[in-house]
Amino acid sequence: MPSGKLWAFELKGAEIVAHAGPFTTRLVDAVNVDDLAYDANGAILDWARGHRTEFEPYTASPGARAAEAPSGPVSEDTLAAVLADARRTTRAEAGTVFVRDGTTLRFAASYNDVLESRLGGDAARQQLTSYGLPLNERSIAGYVLLTHTPVNIPDAYDIAPEAPYAFNPQWDRRNDYRTRSILAMPIRDADGHVFGVLQLINPPVAFDDELVRRAGLLLAGWMPRLGRHR
């Protein structure tokens, strides 16, 4: 929902979270991010217009904003922290942060409780991050990155045949694992550009609207620390 210097993206159904263009890097400092969740009825634009003066200090000085966000790609340690925060918030058993690298989705951070306990930390990370994914819309992560559309899948093995993406069970078979619920969301940098995907797997129960909302707000909070990728 672009409008001038405002961006918004849909999280789940009518739940949306706002991201503001030039002042995105200071958004969470200027307002309570929880106040940015609305029903999709146009209130997001009315709210932004009504709070325009709160953001004027952050739109006036491009140099000051540039100092707030790291320039260039974000470090893998930071992406690992994003993943850990998201898993803690949603209680997901596993998760991955994918980053676009040309025509490939690179595994920038990954964790799986089951493999960690079975193989140990180093061996599990090798299993999880030793390859990349071709960037196309048929993979869940590829679809999310290319369309900027979050995906919430209650059962990875019960995706409708007409869905624009599909689950590949080969990794599950190789590692004697069972993927159930998947939540995949676009990751935006400090300027609002989508450069990666957060994919969370197997919370204690399937991802409900509240968990989707929390994950979206968490990513909004991390945006100022995620560098600039263009």
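In the hairpin of β4 and β5, two residues lie between the strands, and G102 has a positive phi near 65°. This is a predicted model, in which local features need pLDDT of at least 70 and side-chain atom pairs count only at pLDDT 80 or more, while totals for chains, interfaces and linings use all residues. Residues are numbered from 1 along each chain as its sequence is written, and side-chain values use heavy atoms, with hydrogens and water left out.

**Overview**

The protein has ten helices and nine strands. These elements are DSSP runs numbered from the N terminus: helices are H or I with at least four residues, strands are E with at least two. Of the 230 residues, 47% are buried, where buried means under 20% relative accessible area, exposed over 50%, and partly exposed in between (1.4 Å probe, protein chains only). Among contacts with a separation of 6 or more, 63% join residues 24 or more positions apart; a contact means heavy atoms within 4.5 Å.

**Strand β4 and its partners**

β4 pairs with β5 in the antiparallel sense over eight bridges, and with β9, also antiparallel, over six bridges. Two strands count as paired if DSSP finds at least two bridges between them. D101 stands opposite T104 in β5, and the bridge partner of V97 in β9 is L198. β4 is mostly covered, with six of its eight residues buried.

**The nonpolar cores**

A nonpolar core is a set of buried Ala, Val, Leu, Ile, Met, Phe, Trp, Tyr and Cys residues joined through side-chain atoms within 4.5 Å. The largest one has 24 residues, and L79, V97, L198 and L226 have the most contacts inside it. Two or more residues each come from α5 (76–90), β4 (94–101), β5 (104–112), β8 (182–188), β9 (194–201) and α10 (209–222). The largest share, six residues, comes from α10.

Beyond its neighbours within four places in sequence, V97 is in contact with residues including L79, L83, F107, I187 and L198. Another core, apart from this one, has 23 residues, among them A94, Y165, Y177 and V194.

The buried residues of α10 include L211, V212, L217, L218 and W222. The 14 residues of α10 should span 20 Å at 1.5 Å a residue, and its end C-alpha atoms are 20 Å apart, which agrees. The expected span is 1.5 Å times one less than the number of residues in the helix.

**Aromatic pairs**

The structure holds four aromatic pairs. Rings of Phe, Tyr and Trp (its six-membered ring) pair if their centres lie within 6.5 Å; planes under 30 degrees apart count as stacked, over 60 as edge-to-face and the rest as tilted. Two of the pairs are listed here.

| Pair | Centre to centre | Angle between planes | Kind |
|---|---|---|---|
| F98 and F107 | 4.8 Å | 65° | edge-to-face |
| Y157 and F167 | 5.1 Å | 65° | edge-to-face |

F98 is buried, with a relative accessible area of 3%, and F107 also counts as buried at 12%. Y157 is partly exposed, with a relative accessible area of 39%. Y157 and F167 are ten residues apart, in the loop between β7 (151–153) and α9.

**A buried loop residue**

T179 is found in the loop between α9 (170–175) and β8. T179 counts as buried because its relative accessible area is 3%. Leaving out residues up to four places away in sequence, T179 touches A156, Y157, F167, D172, I201 and N202.
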